[in-house]
Amino acid sequence: MTAHQVGQLLLALAAVIALARVLGALAKRIGQPPVIGEIFAGVLIGPTLFGTVVTDHLLPTDIRPALSGLANVGLVLFMFIVGYELDTALVQGRKRVAASVSIGSILLPFGLGTGLAFWLAGNHDVTRVWPFALFIGAAMSVTAFPVLARILTDRGMQRTEVGGLALASAAVDDVVAWTGLAFIVTFAGAGATDWRILLAVPYTLVMFFGVRPLLRRLAAARDRAGRLTPDVLGVILVGLLLSCFVTEYLGVHAIFGAFLFGAVMPRAGAEALRHEILERLEQVSVLLLLPAFFVLSGMKVDLSTMDLRGLLELGLILVVAISGKFLGAYVGARTQKVPARQAGALAALMNTRGLTEIIILTVGLQLGLLDGSLFSMMVVMALVTTVMAGPLLSWIYPRRQVDRDIATAERAALGETENYRVLVAHGHPAVVALAADLASAHPPAEVVLSRLVPYRAPVEVGAGLSGELLDMTRAMGELEALAGPVRDRGLTVPVLARFSADPGRDLAEQVAAIGPDIVLVPGGADRDANVAPTTPGGDARARFPGAGLVVTVTAVPPEDWSSVLVRVADGADGEAALRVGTALAAARSVELAVQVPGRVSRRTSALVTALGCRVLTDLVARRAGRVEVLEHRGGATPASALVLGGDGVQDVHLNVRTGERE
């Protein structure tokens with residue numbers, strides 16, 4: 001390339017990246033995946049709206065080969081990510097339902113698409129009818145697993161039963177569809193001899209049973225270094241590119257080699273490696289390489305010459321693609337006794353096609369199976385089915401249904417029990433130990449450890465599940481470590497962990513769902529880094545309906561304390577603080593001391609007297625009308641004390657409030 005061509009290429013890349021980022025951000029603002037805006041960026045500068053005016057000036061023909069090379073590298077990286085994010089763990093416990101949904105969502109659109117293809121072949125002078133028909137059927141059958149996973153994550157549905165079924169079904173769908181497409185592309189491709197094609201199956205076996213065990217060593221190398229080193233990433237990239245070369249040489253497209261290499265990458269015990277690889281590749285793939293692919297694909301979309309016959313063909317393509325996928329997935333789910341609403345949600349999600357479909361269509365165009373007009377119509381189908389998936393899902397499965405599903409799942413995880421239940425939404429060991437003390441005073445009892453994991457900034461390419469898997473694995477490991485000492489005391493300790501965009505609201509919903517007798521939450525000056533801050537504030541009865549007592553940890557208590565000091569406030573909250581203080585003092589066999597204000601009610605005074613504990617005040621007991629006032633009996637504030645108070649009392653570790661059930 002000349003210096004002038006290099007300059008033009010750099011200018012074109014800058015313009016393409018800027019346009020893709022702007023339209024991707026706009027798509028996100030209206031509730032669509034960013035990839036929709038980025039694909040539309042390519043269509044926008046294509047011939048549909050402006051003819052060749054924009055492309056001739058921005059992308060002259062002499063720099064397009066270089067741009068095409070960058071685009072192909074971007075496709076290879078993306079398909080590696082797609083293969084790497086597929087995980088057999090998604091299917092565990094859901095094999096029958098996932099298989100039924102995926103088979104239904106593949107067979108029906110495949111059959112309808114193949115039938116439609118025979119009619120389309122006559123209108124487009126197709127010479128190789130069978131390869132064309134099989135390719136159209138396969139293109140209708142694909143689900144974009146990354147886009148589906150992102151839709152679920154954005155709605156907090158990935159940990160619900162519907163979300164789990166959708167991920168499992170899409171994972172099976174991707175494996176079956178991409179395997180079928182590999183055979184169809186091989187069958188339709190030109191230039192490969194028979195003996196090379198026959199090597200595709202042995203090569204796949206070598207990858208799974210020979211290369212896969214060797215790749216597991218990469219996880220150990222990453223763990224030894226404590227990070228993803230350039231050497232480890234270099235080995236992965238070399239292996240990826242070699243796999244792409246081999247499949248291209250065998251007569252199968254390079255994208256299938258990338259998908260296969262991603263599929264054999266290690267997963268179990270390699271969560272950190274997986275997430276770091278995908279984060280690194282996103283920076284290159286999303287920002288630089290994939291926008292080049294969007295532009296080149298958009299340049300080939302031309303709807304300006306579409307006539308009435310073209311509109312009819314587009315309408316039939318949309319009907320077959322949408323109805324085939326929806327009905328196939330819905331019937332597949334209903335045959336496994338999935339409720340109608342959940343089956344509808346699965347069907348809506350399985351209709352997403354996104355960037356995955358554009359890649360398949362580009363392969364069909366390269367092989368000569370699609371002409372320009374059919375390619376344009378199929379790209380429109382991919383955009384329409386992806387855009388409609390989110391709104392259709394919200395209509396079929398609204399947010400209130402998602403919240404009910406989450407609450408039901410958490411109740412099922414805890415089971416039906418009459419045990420005294422203490423819920424802890426705090427990650428400090430000293431607070432968990434206090435919860436165990438409170439629970440041990442009311443056998444049989446259990447301590448429920450809850451963690452609301454904040455969402456991290458999502459990746460824009462791929463499903464984004466690798467980072468969440470890493471966060472969830474860490475959260476569960478930390479909860480299990482906290483649970484160990486409590487279980488050693490003979491208490492039952494269920495653990496709950498889920499992602500949350502609004503920890504305060506979700507904690508309130510969790511409390512309402514499981515109805516604990518006591519809930520311990522962070523608040524005030526407490527800033528434990530292990531949990532999402534909730535800073536409850538306001539009335540406990542309104543914040544946590546269904547809880548007996550709400551104990552706010554305003555300051556992390558000392559791990560070793562030799563006494564309990566209760567700063568009594570008059571009223572129900574003060575009495576609750578006394579009860580909690582008494583239980584904690586009894587559990588540790590330490591002194592209970594009470595500090596009272598100048599005036600308290602007769603009921604509070606009687607309760608303090610009945611406890612027989614040391615009283616710290618500046619007044620002596622005397623009568624003042626109907627109120628008994630307690631006066632000085634000597635003694636200073638105990639050292640190393642655990643300090644409690646009722647609502648409104650300052651300078652305490654634990655602030656006790658009565659809940660709705662009190």
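Colleague: In which helix does L23 lie?

Modeller: This is a predicted model. In it, L23 lies in helix α1, which spans residues 3-29.

Colleague: What makes L23 buried or exposed?

Modeller: The relative accessible area of L23 is 15%. Buried means under 20%, so L23 is buried.

Colleague: Which residues does L23 contact, leaving aside its neighbours within four places in sequence?

Modeller: L23 is in contact with G37, F40, A41 and L44. For G37, the C-alpha atom is separated from that of L23 by 4.6 Å, with the two residues 14 apart along the chain.

Colleague: Where is A345 found, and why does A345 count as buried or exposed?

Modeller: A345 is found in helix α16, residues 340-350. Its relative accessibility is 0%; the limit for buried is under 20%, so A345 counts as buried.

Colleague: What does A345 touch, not counting residues up to four places away in sequence?

Modeller: A345 touches V162, L393, I396 and Y397.

Colleague: Which residues make the contact of α5 with α12, and how many are nonpolar, polar or charged?

Modeller: On α5 they are V76, L77 and F80, and on α12 they are I236, L237, L240, L241 and C244. By class there are eight nonpolar residues, no polar ones and no charged ones.

Colleague: How many residues has the largest nonpolar core, and which have the most contacts inside it?

Modeller: The largest nonpolar core has 130 residues, and F80, M140, L273, I277, I317 and L355 have the most contacts inside it. Helix α9 (residues 161-188) gives the largest share of this core, 13 residues. Another core, of 43 residues, lies apart from it, with A435, V495, I518 and L642 among its members.

Colleague: What is M140 in contact with, leaving aside its neighbours within four places in sequence?

Modeller: M140 is in contact with P109, G113, L116, I317, V320, A321, K325, R353, M378 and M381.

Conventions: Residues are numbered from 1 along each chain as its sequence is written. This is a predicted model: local features need pLDDT of at least 70, side-chain atom pairs count only at pLDDT 80 or more; totals for chains, interfaces and linings use all residues. Side-chain values use heavy atoms; hydrogens and water are left out. Contact means heavy atoms within 4.5 Å. Helices (H or I, at least four residues) and strands (E, at least two) are DSSP runs, numbered from the N terminus. Ala, Val, Leu, Ile, Met, Phe, Trp, Tyr, Cys and Pro count as nonpolar, Asp, Glu, Lys and Arg as charged, and the others, Gly among them, as polar. A nonpolar core is a set of buried Ala, Val, Leu, Ile, Met, Phe, Trp, Tyr and Cys residues joined through side-chain atoms within 4.5 Å. Buried means under 20% relative accessible area, exposed over 50%, partly exposed in between (1.4 Å probe, protein chains only).
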